[in-house]
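Thank you all for coming.

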2 protein chains.
Amino acid sequence: MSRKDKIIDGKKIASEIQEELYSEIQVLKTVSPKKPGLAVILVGNRKDSQAYVRMKKKMARKLGIVDFEKNLPENISQEELLQVVTEYNNNPEVNGILVQLPLPKHIDEETILNAISPEKDVDGFSPINMGNLCMKGRDPLFVPCTPKGCIELIKRSGVNISGKKAVIVGRSNIVGLPISFLLLHENATITVCHSRTKDIAKEVKDADIVIAALGAPEFVKGDWIKKGAVIIDVGINAVPDKTKKRGYRLVGDVDFEGCLKNASKITPVPGGVGPQTIIQLMKSTVEGFKRQNGIKKLL
Amino acid sequence: MSRKDKIIDGKKIASEIQEELYSEIQVLKTVSPKKPGLAVILVGNRKDSQAYVRMKKKMARKLGIVDFEKNLPENISQEELLQVVTEYNNNPEVNGILVQLPLPKHIDEETILNAISPEKDVDGFSPINMGNLCMKGRDPLFVPCTPKGCIELIKRSGVNISGKKAVIVGRSNIVGLPISFLLLHENATITVCHSRTKDIAKEVKDADIVIAALGAPEFVKGDWIKKGAVIIDVGINAVPDKTKKRGYRLVGDVDFEGCLKNASKITPVPGGVGPQTIIQLMKSTVEGFKRQNGIKKLL
């Protein structure tokens with residue numbers, strides 16, 4: 001298998017989804033005078049968060065999704081932030097609400113996320129959506145965007161998940177856990193590893209599908225990878241690199257060159273999972289729009 | 001290790017918890033004139049469900065928990081059943097509501113379970129409680145009784161869970177999944193197997209802790225068990241046995257005699273996990289009582 005055939009082109013898959021979604025929005029225009037609306041709430045001045053919000057806004061505009069943006073000062077009180085969430089909860093033009101994480105330390109993340117109406121919780125992090133996600137046979141209103149995108153990447157790469165052994169490295173509420181639930185619902189046998197796992201290498205060596213989502217640069221090594229395994233690298237880490245103009249380069253949680261050898265499919269960083277997060281957010285916003293306006297699936 | 005030292009005495013552990021709970025209820029009497037109340041709703045005439053409800057009732061009375069019982073006819077409408085749930089939701093003397101499962105086919109289980117106020121959902125099956133259970137760092141109001149009991153059995157047997165490899169066979173919403181979440185929160189590395197798993201034996205062979213919860217008599221075999229493994233058998237199956245007066249005997253999901261050899265600890269069936277389900281339900285009812293009446297932890 002050639003190098004090119006092994007690498008999952010995340011940008012290409014995202015732009016395919018973008019085209020599908022664009023077409024759907026055109027059809028929606030013929031049945032409803034309203035437009036899907038997404039509210040993104042950004043607190044403080046974190047450069048990475050600002051960049052993510054910018055990308056989300058840009059994509060929304062491209063697709064004809066109205067973006068409601070709130071840039072709030074770092075020192076906003078929890079009470080004031082809750083008020084912003086409530087306003088968006090009550091605004092019928094807003095179909096999805098996203099609070100860019102992380103929040104400043106004086107604000108309780110859980111309180112804020114729980115305040116978002118489950119009907120508009122496009123990130124899918126509210127307990128009721130997570131509960132319906134983790135259980136078998138339930139329908140969460142929204143599925144967290146990055147995990148949903150990972151499944152989409154696997155499926156659109158022609159990989160059958162059912163019966164496969166999937167090893168998830170990382171157990172965060174926003175990535176590792178929800179991906180585990182989705183893979184389990186797709187009938188994978190799942191193993192969840194984390195910082196307390198005695199021998200992560202041994203677990204990964206047994207995997208048909210590896211999900212790396214722990215947030216440690218190039219943690220997963222090439223000799224851990226079983227021949228033919230599919231690797232989805234959710235990590236994005238800046239490591240110092242003097243040869244680069246900006247002084248660093250971005251790497252995933254996987255040693256890409258090392259893991260490429262045995263893998264049958266692998267996502268690069270950047271250009272793998274990243275673009276999924278944004279396009280899946282748009283897709284979820286449109287799903288929310290349809291549900292909130294009683295518009296049945298059209299396409 | 002002797003046979004006796006290997007077998008986890010579920011009855012003994014349950015009666016220890018019963019004594020602790022009894023003492024706590026005595027203390028509660030000194031601070032509140034109210035009594036904890038548990039409502040058990042039984043629909044239809046299933047013999048096994050009737051037996052479970054009888055046992056729950058008996059234990060409640062022993063402990064001084066007021067039992068509100070509703071035996072409803074098999075042909076009750078979903079609407080009428082919902083009304084019963086609503087009445088108990090609104091009754092301040094009821095601190096916990098349990099709907100005995102399974103329900104007749106014409107009633108949608110999910111609708112009924114979702115109607116129980118999360119504040120009184122002693123079974124912990126409502127999406128909001130499951131969502132807070134599956135996520136890290138959240139506090140569900142109630143944890144499902146059988147899974148909670150399994151963890152209690154492991155801990156009271158002196159087994160340290162952190163860093164261990166736990167293999168859960170079965171992924172039901174009421175047992176397999178919630179046990180996986182609890183073990184993960186205790187820092188076990190978890191693998192969830194099910195009907196679509198290619199080689200369950202291979203997965204189990206790697207386990208330090210085996211949870212058998214698939215509902216198939218003596219499914220887990222002795223030669224799958226790693227030396228020193230801890231086995232928790234959640235299954236309870238009736239298999240035909242002409243030597244018994246009643247024509248059957250009860251076995252778990254584990255071949256007990258076969259698995260005993262390599263195990264360091266193993267629960268028998270009956271007398272292992274079973275008694276936990278009931279006593280944990282009582283414990284959860286008392287927790288609900290304290291929370292609903294603003295009584296802080298006393299013991």
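Predicted model: local features only at pLDDT ≥ 70, side-chain atom pairs only at ≥ 80, totals over all residues.

How much space lies in the largest cavity? The answer is about 60 Å³, where the volume is the space filled by probe spheres set on grid points that are joined across faces, edges and corners. By a cavity I mean a set of points, on a 1 Å grid over the protein atoms alone, where a 1.4 Å probe fits but cannot get out, and lining residues are those with an atom within 4 Å of a point.

Residues are numbered from 1 along each chain as its sequence is written, chains are lettered from A and ligands numbered from 1 in the order in which they are written, and side-chain values use heavy atoms, with hydrogens and water left out.

Back to the cavities, then. The search of the whole structure finds four of them at 30 Å³ or more. The lining of the largest one draws on both chains: from chain A come A:Leu177, A:Ser180, A:Phe181, A:Ile190 and A:Val192, and from chain B come B:Leu177, B:Ser180, B:Phe181, B:Leu184, B:Ile190 and B:Val192. In terms of secondary structure, at least two lining residues each are supplied by α8 (176-185) and β5 (189-193) of chain A and by α8 (176-185) and β5 (189-193) of chain B; here helices (H or I, at least four residues) and strands (E, at least two) are DSSP runs, numbered from the N terminus.

Which element gives the most to this lining? It is α8(B), with four residues. Nine of the 10 residues of α8(B) are buried, so this helix is largely enclosed by the rest of the structure, buried meaning under 20% relative accessible area, exposed over 50%, and partly exposed in between (1.4 Å probe, protein chains only). After the helix comes B:Asn187, whose phi is positive, near 70 degrees.

Let me turn to the charged side chains. Over all chains there are 36 salt bridges, each defined as a side-chain nitrogen of Lys or Arg within 4 Å of a carboxyl oxygen of Asp or Glu. One of them joins A:Lys283 to A:Glu152, with the closest N and O atoms 3.6 Å apart. Because A:Lys283 lies in helix α11 (residues 274-292) and A:Glu152 in helix α7 (residues 145-156) of chain A, the pair ties together parts that are 131 residues apart in sequence. A:Lys283 is partly exposed at 22% relative accessible area, while A:Glu152 counts as buried at 15%. Both belong to a network of salt bridges that also links A:Lys12, A:Glu16, A:Glu20 and A:Arg156.

In chain B, B:Arg156 forms a salt bridge with B:Glu20, at 2.8 Å between the closest N and O atoms. Here B:Arg156 lies in helix α7 (residues 145-156) and B:Glu20 in helix α2 (residues 10-31), so the pair ties together parts that are 136 residues apart in sequence. Both are partly exposed, B:Arg156 with a relative accessible area of 30% and B:Glu20 with 41%.

A further salt bridge in chain A is formed by A:Asp208 and A:Lys226 (2.8 Å, N to O). A:Asp208 lies in the loop between α9 (200-204) and β6 (209-212) and A:Lys226 in the loop between β6 and β7 (230-233), so this pair ties together parts that are 18 residues apart in sequence.

Finally, the annotation. The unreviewed UniProt entry places a "Tetrahydrofolate dehydrogenase/cyclohydrolase catalytic" domain at residues 8-123 of chain A, a stretch that is 51% helix and 16% strand, with its end C-alpha atoms 24 Å apart. The record also has a "Tetrahydrofolate dehydrogenase/cyclohydrolase NAD(P)-binding" domain, covering residues 144-292 of chain A, where the chain is 34% helix and 19% strand and the end C-alpha atoms are 19 Å apart. UniProt positions are given in the numbering used here, feature names are shortened, and annotations may be inferred rather than shown by experiment.

Notes
1 Å grid on protein atoms, 1.4 Å probe; cavity = no way out; pocket = protein on both sides within 12 Å on 5 of 7 lines; lining within 4 Å.
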